[in-house]
Amino acid sequence: MIGEEIEVLYEVDSTNEFLKRNYKSFHDGAIVVAIKQTAGKGRMGRTWYSPEGGLWYSVLFKPKVHISLHSYTKVFSIAIVEVLKKLKVKAYIKWPNDIYYNGKKLAGILSEAVSVNDRVVAIIVGIGINVNNDIPDDLKDIAISLKDILKKKVKITYLLDAINKHAWNLLISYRNETENITKLWKKYLVPREGDRIKVKVDEQIVEGTVLKITEDTLYVDVGGKVIGVQSIHQLVE
Ligand code: BTN
């Protein structure tokens with residue numbers, strides 16, 4: 001189960017960092033929730049603005065069988081989108097794993113592994129969702145919170161519980177079939193196969209058609225040449 005063991009902190013640097021320091025004291029499936037983070041981390045070394053009102057938490061896994069970090073991230077991105085769908089919020093996954101609504105970022109996921117002597121001993125999935133927090137003016141063009149979409153506040157404990165339950169069910173159902181996680185993830189993904197997109201190749205911006213999307217690569221046909229895109233930095237808005 002996810003969230004049977006739960007630690008709520010009023011303030012912490014980052015729930016991911018907290019679990020990295022303290023994973024030995026928690027069981028598989030434990031979660032750490034922060035009311036606010038003072039040094040929230042985003043992907044690619046970015047900071048993640050985490051004031052009161054948002055849902056900022058990390059889930060600890062101590063897997064006995066190997067499941068890729070990608071798969072954990074995908075499972076949570078699917079769970080978030082499907083729970084939001086129940087609230088009538090049509091969110092989507094912007095490749096590879098950002099949760100967007102109407103061109104603005106609503107949530108993000110940062111999965112990290114802790115290894116000891118080359119063995120993965122803990123997986124930490126950090127989830128950040130703009131729920132009831134205000135988005136600062138300088139981010140209003142690129143980020144949005146649930147309360148602004150729904151025009152009312154949302155119960156954070158409901159969201160937390162619903163996402164964890166759903167993610168757990170997905171993990172159990174797809175444990176040995178990660179290709180099916182990828183299939184489901186593609187259902188909510190933007191861009192989709194066949195879409196025209198712009199990508200950066202050797203500092204040049206070129207346009208092409210998405211031929212195929214695999215677990216970790218977008219294959220784009222640029223004038224007959226197929227390019228494999230693996231970093232969000234290569235995607236041009
Ligand atoms: C992204 O860049 O999109 C990922 C953002 C992940 C933010 C969450 S908030 C809870 C957890 N703790 C962190 O420091 N980061 C993740």
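How do the residues of the lining of the second largest pocket divide into nonpolar, polar and charged? The legends below, for a predicted model, end with that pocket.

Figure 1. Ser14, Gln37, Lys41, Arg43 and Lys105 are the closest of the 19 residues surrounding the ligand. A side-chain N or O atom of Ser14 is 2.8 Å from a ligand oxygen. For Lys105, an N or O atom of the side chain is 2.6 Å from an oxygen of the ligand. Arg43 instead uses a polar backbone atom, 2.6 Å from a ligand oxygen. Alone, the ligand exposes 410 Å², and the protein buries 99% of that.

**Figure 2. The shell around the ligand.** At least two shell residues come from each of α1 (15-22), β3 (55-61), β6 (104-116) and β7 (119-129). β6 gives the most, with four. The shell holds ten polar, five nonpolar and four charged residues.

**Figure 3. The largest pocket, where the ligand sits.** Its volume is about 790 Å³. The lining counts 37 residues, with Gly42, Arg46, Thr47, Trp48 and Lys105 closest to the centre. Two or more lining residues come from each of α1, β3, β5 (98-101), β6 and β7. β6 gives the most here, four residues. By class, 16 are nonpolar, 14 polar and seven charged.

**Figure 4. The second largest pocket.** This pocket holds about 320 Å³ of space. Of its 18 lining residues, Arg43, His70, Pro96, Asn97 and Gln230 are closest to the centre. α2 (69-86) and β6 each supply at least two lining residues. The largest share, four residues, is from α2. The lining divides into eight nonpolar, six polar and four charged residues.

How values were computed. Residues are numbered from 1 along each chain as its sequence is written. This is a predicted model: local features need pLDDT of at least 70, side-chain atom pairs count only at pLDDT 80 or more; totals for chains, interfaces and linings use all residues. Side-chain values use heavy atoms; hydrogens and water are left out. A residue is near a molecule or strand if one of its heavy atoms lies within 4 Å of it. A polar contact is a pair of N or O atoms within 3.5 Å; within protein, one must be able to donate a hydrogen and the other to accept it, and residues adjacent in sequence count only if both atoms are side-chain atoms. Accessible areas come from the Shrake-Rupley method with a 1.4 Å probe; for residues, only the protein chains shown count as cover. On a 1 Å grid over the protein atoms alone, a cavity is a set of points where a 1.4 Å probe fits but cannot get out, and a pocket is an open set with protein on both sides within 12 Å along at least five of seven lines; lining residues have an atom within 4 Å of a point. A molecule sits in a cavity or pocket if more than half of its atoms lie within 2 Å of its grid points. Ala, Val, Leu, Ile, Met, Phe, Trp, Tyr, Cys and Pro count as nonpolar, Asp, Glu, Lys and Arg as charged, and the others, Gly among them, as polar. Grid points are joined across faces, edges and corners, and a volume is the space filled by probe spheres set on the points.
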